Amino acid sequence: MRLPLMACPMNPLSSASLLESMQWRYACKRFQSAQIIPAETLAALRELCSLAPSSYGLQPVKILDIQDPQLRSLLRKAANNKSQVTDASHFWVLCHRPVIKAADIDAWLELLQKKRGEKAADQTAYRDFLWSKMQSKNQPEQNCWAARQAYLVLGQLLAQAALLGIDACPMEGFDYDAFQQILQLDAAEWVISCAAALGYRDETDEWSGKVKVRRPVTDFFETVPRDVPG
Ligand SMILES: Cc1cc2nc3c(=O)[nH]c(=O)nc-3n(C[C@H](O)[C@H](O)[C@H](O)COP(=O)(O)O)c2cc1C
């Protein structure tokens with residue numbers, strides 16, 4: 001099942017406006033609690049997260065959208081009382097699979113059958129390949145590999161939220177065990193990778209006016225082959 005070839009649509013974003021958006025975004029510390037992200041924008045953000053690439057396409061990630069205010073209060077306590085947890089319009093907790101099971105691979109292959117019309121009988125070699133790739137990693141390596149996929153989602157979420165005019169705060173500064181317990185996650189199934197508060201910056205947030213500080217791009221990138229002196 002092939003889609004017709006599609007030319008990339010005319011680039012609707014100029015480099016300048018992209019750069020402007022990324023300069024505008026920052027890790028928001030104080031949100032306006034009364035400002036809620038519209039449903040349409042949220043739906044787009046959810047879909048954009050699911051469009052993040054993942055290794056082999058396996059997507060060993062899910063996002064918990066914590067809507068219960070009481071739960072958010074408990075999580076805030078487990079996050080050094082950071083106001084982002086309760087005050088942002090939305091608080092998303094990203095989780096990953098600590099172990100990749102045969103069922104996870106089968107679920108992916110079934111999706112390929114459904115969406116691309118692949119036949120189960122033709123997927124045997126690919127199934128074995130994926131399984132052997134996963135089995136070549138020990139459990140901590142699988143955990144680490146899956147966590148990296150979650151961070152790709154986080155990166156995509158932060159950038160795309162900014163493009164939609166949504167502020168965000170990526171978060172790792174919380175008690176993971178307490179979060180895991182409060183959210184009643186079975187650590188054999190899902191492990192928390194990181195979190196993101198989403199909403200609208202409060203004008204009193206002193207961090208919003210700070211100059212963005214990054215290592216020089218010339219230091220961040222290196223061209224290879226390197227210039228050989230003399
Ligand atoms: C994975 C990750 C975890 C982070 N955890 C926290 C956090 O727990 N609390 C917080 O206030 N900021 C957190 N930050 C924000 C960073 O401190 C911030 O992104 C960095 O200083 C660069 O600043 P900028 O994002 O405002 O440009 C985190 C960022 C990332 C990428």
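Q: Helices are DSSP runs of H or I with at least four residues and strands are DSSP runs of E with at least two, both numbered from the N terminus; which strand, on this basis, gives the largest share of the shell around the ligand?
A: Strand β3, residues 167-171, gives the largest share of that shell, with three residues. The model is a predicted one, in which local features need pLDDT of at least 70 and side-chain atom pairs count only at pLDDT 80 or more, whereas totals for chains, interfaces and linings use all residues. Residues are numbered from 1 along each chain as its sequence is written.

Q: What makes a residue count as near the ligand, and which residues are around the ligand?
A: A residue is near a molecule or strand if its C-beta atom, placed from the backbone, lies within 6 Å of it. The residues around the ligand are Tyr26, Ala27, Lys29, Cys169, Pro170, Met171, Glu172, Gly173, Cys194 and Lys212. By class, the shell holds six nonpolar, one polar and three charged residues, where Ala, Val, Leu, Ile, Met, Phe, Trp, Tyr, Cys and Pro count as nonpolar, Asp, Glu, Lys and Arg as charged, and the others, Gly among them, as polar.

Q: Why is Gln135 called exposed?
A: A residue is buried if 20 or more other C-beta atoms, placed from the backbone, lie within 10 Å of its own, exposed if 12 or fewer do, and partly exposed in between. Gln135 has 11 C-beta neighbours inside 10 Å, and therefore counts as exposed. This residue is found in helix α6, residues 124-135, and although Gln135 and Lys101 are 34 residues apart in sequence, their C-alpha atoms are 9.5 Å apart in space.

Q: How do you know that β2 is largely enclosed by the rest of the structure?
A: Seven of the seven residues of β2 are buried, so the strand is largely enclosed by the rest of the structure. His90, Trp92, Leu94 and His96 point one way from β2, while Phe91, Val93 and Cys95 point the other way, and all are buried.

Q: What makes β2 and β4 a pair?
A: Two strands pair if DSSP finds at least two bridges between them. Seven bridges join β2 (residues 90-96) to β4 (residues 191-199), and the two strands run antiparallel. Within this pairing, Cys95 stands opposite Ile192 and Trp92 stands opposite Ala196. On the other hand, β1 and β2 pair over five bridges, again in the antiparallel sense, with His96 as the bridge partner of Val61.

Q: Why is α1 described by its angle to α7 as roughly perpendicular, rather than roughly parallel?
A: Axes are lines fitted to C-alpha atoms, for helices over the stretch in contact, and angles run from 0 to 180 degrees between N-to-C directions. Angles under 35 degrees count as roughly parallel, over 145 as roughly antiparallel, 65 to 115 as roughly perpendicular and the rest as oblique. The axes of α1 (residues 15-24) and α7 come within 9 Å and cross at roughly 110°, which makes α1 roughly perpendicular to α7. The contact of these two helices has five nonpolar, one polar and no charged residues.
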